[in-house]
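Me: I am new to this structure and would like to go through it by question and answer. Please show it here.

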Amino acid sequence: MNALSLIGGSFADDFFPFSLIRSVADIRCGILTIREKWHRYLQNTEPLLTGLSVPANILPDAGLVSSLLSSNPDLSFSNSVKLLNLTDILRYNENEFKKDFNLITSGRVSAPVSSTNRLTGTNIFLEPGATVEHCYLNSGDGPIYIGKNALIMEGSMIRGPFAIGDKGVVKMGSKIYGTTTAGPNCVLGGEIKNSIFFGNSNKSHDGYLGDSIIGEYCNFGAGSSCSNLKNSLGRIKLWNPLRKSFFDGGLKCGLIMGDYSRSTINTSFTTGAVVGISCHVFGNGLTPGYLPSFSWGFNNEIYSFDKAIDHISKWKKLKGQQLGDDEIKQLKTIFDHQNKLK
């Protein structure tokens, strides 16, 4: 967007590790990223807001946009919903999902839903090219959105709210609970609940993932699972290295995994685990509560930068993308900063 400026601020540190790679405006909450929401709300009216700056963590809605376009806009944003930290992404995900679903589908007609499926509810929208056969789709508690050329394989059981982006895949026999959102080019499998995948990531096999936020170009080895609830039912504390403090993750919080990180088979993520950028996650027993960026295993070893870049390039190529020079420079900055802390 050229006219409206979505600006960062000190709040970006509260979105570690995702804000190391992207603007807060490019965080996904609901079906869309914050930037994509603004684009859809404004449509052809954006030039009217030339020169206006809005904090990137504000979630737009029709009322806010109407105010900004009025002769007396509220520029304090005091009544606006803001994402303040990672747990807010999950906290607001369901409400944002329903708003986004209406934004995307308003005035449009879904592609036909095959009669081979077992349906509960009618709030299901398929984009052109989506393939869904012999599945259980329950939109009674929230809508289901299937992106262009996505594939939902037979035997999958899906309860809304659920969305998967363009060219996404849900593997056979998957069990997915709401509210779960996967951006474009994700591959999902096993059991998933109340989780967000920013895009281009794979959780293809059996294993449990719940109340989690996963960045881009991540991959889970077969059998990998996370804990999202303490046996003591105590509150979950997550470590933020930029703030050098813990923050409250509530009673349920699974895994926070930064971009380009991957786990080997049968990895067990501890409750409220935070994994940085480009980590190769393996080791015995539960993972630590925090793995710094460019970790190689659990034992404080460093992922060689050249090796990491080679592996990231291959994962991006797998998704039809290329690793650019600017991205490599950004990753080198993160790598050098992390090494200074050791």
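**Sheet, helix and cores**

Me: Which strands does helix α4 lie across, and at about what angle does it run to β9?
Reply: This is a predicted model. Helix α4 covers residues 93–105 and lies across β6, β9, β12, β15 and β18. Its direction relative to β9 (144–146) is about 55°.

Me: Which strands stand at the edges of the sheet?
Reply: The open sheet has 9 strands with parallel pairing, in the order β6-β9-β12-β15-β18-β21-β26-β29-β31. A strand at the edge has a single partner, so one side of it is left without a neighbour in the sheet. The two in that position are β6 (124–126) and β31 (290–291).

Me: Which element gives the largest share of the largest nonpolar core?
Reply: This core has 39 residues, and Trp 38 and Ile 89 have the most contacts inside it. Two or more residues come from each of α1 (34–42), β3 (58–59), α2 (62–69), α3 (86–91) and β18. The largest share is 4 residues, from α1.

Me: Leaving aside neighbours within four places in sequence, which residues is Ile 89 in contact with?
Reply: Contact here means heavy atoms within 4.5 Å. With those sequence neighbours left aside, the partners of Ile 89 are Phe 15, Ile 27, Arg 28, Cys 29, Leu 83, Ile 196 and Ile 213.

Notes
Residues numbered from 1 in each chain as written. Predicted model: local features only at pLDDT ≥ 70, side-chain atom pairs only at ≥ 80, totals over all residues. Heavy atoms only, no water. Pairing = 2+ DSSP bridges. Axes fitted to C-alpha atoms, helices over the stretch in contact; angles between N-to-C directions. Core = buried A, V, L, I, M, F, W, Y, C linked by side-chain atoms within 4.5 Å. Buried < 20%, exposed > 50% of the residue type's maximum accessible area, 1.4 Å probe, protein only.
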